[in-house]
Amino acid sequence: MQPTAQDAAALLDSLGVTRSNEGRPVRSPIDGAIIGHVPDSSIADAETRVAEAMTAFGNWREVPGPRRGELVRLLGEELRAHKDALGRLVTLECGKPLSEGLGEVQEMIDICDFAVGLSRQLYGLTIASERPGHRMSETWHPLGPVAIITAFNFPVAVWAWNAALALVCGDPVIWKPSEKTPLTALAVMALAARALARFGDAPAGLIGIVTGGAEIGAALVDHPGIALVSATGSTRMGRIVAERAAKRFARTLLELGGNNASIVTPAADRDLALRASAFGFMGTAGQRCTSLRRLFLHRSIHDAFLERMRAAAASITIGDPRDSTNLVGPLIDDAALQGMRAALDAARAMGATVSGGEVIDGLYVRPAVVAMPAHAGPALEETFAPILYVFAYDTLEEAIALQNAVPQGLSSSIFTTDMREAERFVSAAGSDCGIANVNIGTSGAEIGGAFGGEKETGGGRESGSDSWKAYMRRQTSTVNWSGALPLAQGVKFDI
Ligand code: UN1
């Protein structure tokens, strides 16, 4: 394999990104080498971007939705044409296996397609008025500039889920990517610039970016010109964003931590459950917000299933994610490694049996399967690493109660061929998560559904279904086309 720095330079050139030798160094977790530099934006830069976006909004909100969709269609074309290079760059910068890097770009293309269709379907309602000669309607209007704060683990797809919808909804966007993955963000901006050039008459400042750390994100969150802050990351970060945004009554769309669980019942197809759970906890080295973290096994199958999962983790191929024979790449950085160590130490201190978890080399670790004596300790927290906490249960009620007994509420799943168990799990009395799957793992959602979760996950929904409504403002209009003036609720006020 080539040194990552060489690979990155070639990919950045092919994607049309101007390389810099100054600014914050960006390291590839693959080999720890510096693969580029990105200067931090200043607070003044952030203010300029917002001012430009506010001006752009005045124009863009009056461009017809289907025409706005044309820009997103062109963006989708650029992404299709450069899928391979961008997918490779994602792999270099965040360390996920190449098939996942390419899959992430596919997710961007999918949401662009979805948004193009949506651009002709921003439907409102006509509502029955109680007054004669009156018509009531509900219309969705563009909202204003949207700040999109994203995390390292999906360095480009999360921007696309937000930006594709926001743009067709009539909103300019300003991106604050993770400081760990700014190169892929610059590459996406280069592709967006091509789409804008082909589109022709989009207003300047429609698609912007600022780079840097938390203080740059905070400058966007606090700016009165930002109508919506869409933030993906830890619950700790989300709490800060939510509080700051609430001070000025700005809207937020939060996609925060998950602590996702699967339940495997005696009626499960166990081979399928094993494969799905193995991907769920080890895929992306456990660094998805949807990664499987807790596994509830019925006592009758617990020991045998646990053994098979240990064997799967012990034999999984780990190494350079550019090599397609490796299914698990590195953790993002040393802090992630320390976080994993601390969680495993806490589990051991509780009397848990830990298999795996050792460092192989650099940031490459063996995924850990942890047989837990109780549903407590580190299992109640999100650790962004490949750790699977395993529990035995006796009744489905107990398993559902435990799976819900964490502060987070993103994703969940049940493995069963018993329709009563499956239906109970997805019922009002079942999983309390935003995502509740049957015979599928917790991760790997398609873009067509609304994506997000409850409780400390933040309550936001993005991507498919009617998530677009978060990027628009709702207006109720009552129009009186009669000559009379009847008041609602029969109120009399004759002057
Ligand atoms: C994330 O980890 O922030 O459902 C998003 C999934 C992916 C998205 C994960 N489509 O696993």
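**Helices, domains and a listed site**

Tutor: Start with helix 7, where the buried residues are Pro-182, Leu-183, Thr-184, Ala-185, Leu-186, Ala-187, Val-188, Leu-191, Ala-192, Ala-195 and Leu-196. Keep in mind that this is a predicted model.

Student: How far apart are the end C-alpha atoms of helix 7, and what should the span be?

Tutor: Helix 7 covers residues 182–199, and its 18 residues should span 26 Å at 1.5 Å a residue. Its end C-alpha atoms are 25 Å apart, which agrees.

Student: What follows helix 7?

Tutor: Gly-200 does, and its phi is positive, near 100°.

Student: Which helices do the buried residues of helix 3 pack against?

Tutor: They pack against helix 2 (43–60), helix 4, helix 5, helix 6 (157–168) and helix 7. Among the buried residues of helix 3 are Arg-68, Leu-71, Leu-75 and Glu-78.

Student: Why would buried residues be spaced like that?

Tutor: As a general point, an α-helix has 3.6 residues a turn, so residues three or four places apart point the same way.

Student: And what span should helix 3 have?

Tutor: For the 17 residues of helix 3, residues 65–81, it should be 24 Å at 1.5 Å a residue. The end C-alpha atoms are 25 Å apart, which agrees.

Student: OK, helix 11. Where does it bend?

Tutor: Helix 11 bends by about 30° at Phe-305. Phe-305 is also one of its buried residues, along with Met-309 and Ala-313.

Student: What do those buried residues pack against?

Tutor: The partners are helix 10 (270–282) and several strands, including strand 10 (260–264), strand 11 (292–298) and strand 15 (368–371).

Student: Strand 15, then. Is Ala-368 there buried or exposed?

Tutor: Ala-368, which lies in strand 15, counts as buried because it has 25 C-beta neighbours inside 10 Å. The cut-off for buried is 20 or more. Leaving aside neighbours within four places in sequence, the contacts of Ala-368 include Leu-344, Val-354, Pro-386 and Ile-387.

Student: How many Å separate the C-alpha atoms of Ala-368 and Met-136?

Tutor: They are separated by 58 Å, and the two residues are 232 residues apart along the chain.

Student: New topic. Which domains does the assignment give?

Tutor: It gives domain 1 (4–256 + 458–476) and domain 2 (260–438). The centres of the two domains, taken over C-alpha atoms, are separated by 30 Å. Domain 1 puts 15 residues into the contact and domain 2 puts in 17.

Student: Which elements give two or more residues on the domain 1 side?

Tutor: Helix 4 (83–94) and helix 5 (98–118) do. Helix 5 has the largest share, three residues. By class, that side of domain 1 has six nonpolar, five polar and four charged residues.

Student: What does UniProt list for "active site"?

Tutor: Its unreviewed entry lists Glu-255. Glu-255 is found in strand 9, residues 251–255.

Student: Last one: which residues does the record list for a domain?

Tutor: The unreviewed UniProt entry lists residues 22–476 for "domain: Aldehyde dehydrogenase". Over those residues the chain is 40% helix and 21% strand, with the end C-alpha atoms 51 Å apart.

How values were computed: Residues are numbered from 1 along each chain as its sequence is written. This is a predicted model: local features need pLDDT of at least 70, side-chain atom pairs count only at pLDDT 80 or more; totals for chains, interfaces and linings use all residues. UniProt positions are given in the numbering used here, feature names are shortened, and annotations may be inferred rather than shown by experiment. Helices (H or I, at least four residues) and strands (E, at least two) are DSSP runs, numbered from the N terminus. Domain bounds come from an automatic or database domain assignment. Two residues are in contact if their C-beta atoms, placed from the backbone, lie within 7 Å. Ala, Val, Leu, Ile, Met, Phe, Trp, Tyr, Cys and Pro count as nonpolar, Asp, Glu, Lys and Arg as charged, and the others, Gly among them, as polar. The bend at a residue is the angle between axes fitted to the seven residues ending there and the seven starting there. A residue is buried if 20 or more other C-beta atoms lie within 10 Å of its own, exposed if 12 or fewer, and partly exposed in between; C-beta atoms are placed from the backbone. The expected span of a helix is 1.5 Å times one less than its number of residues.
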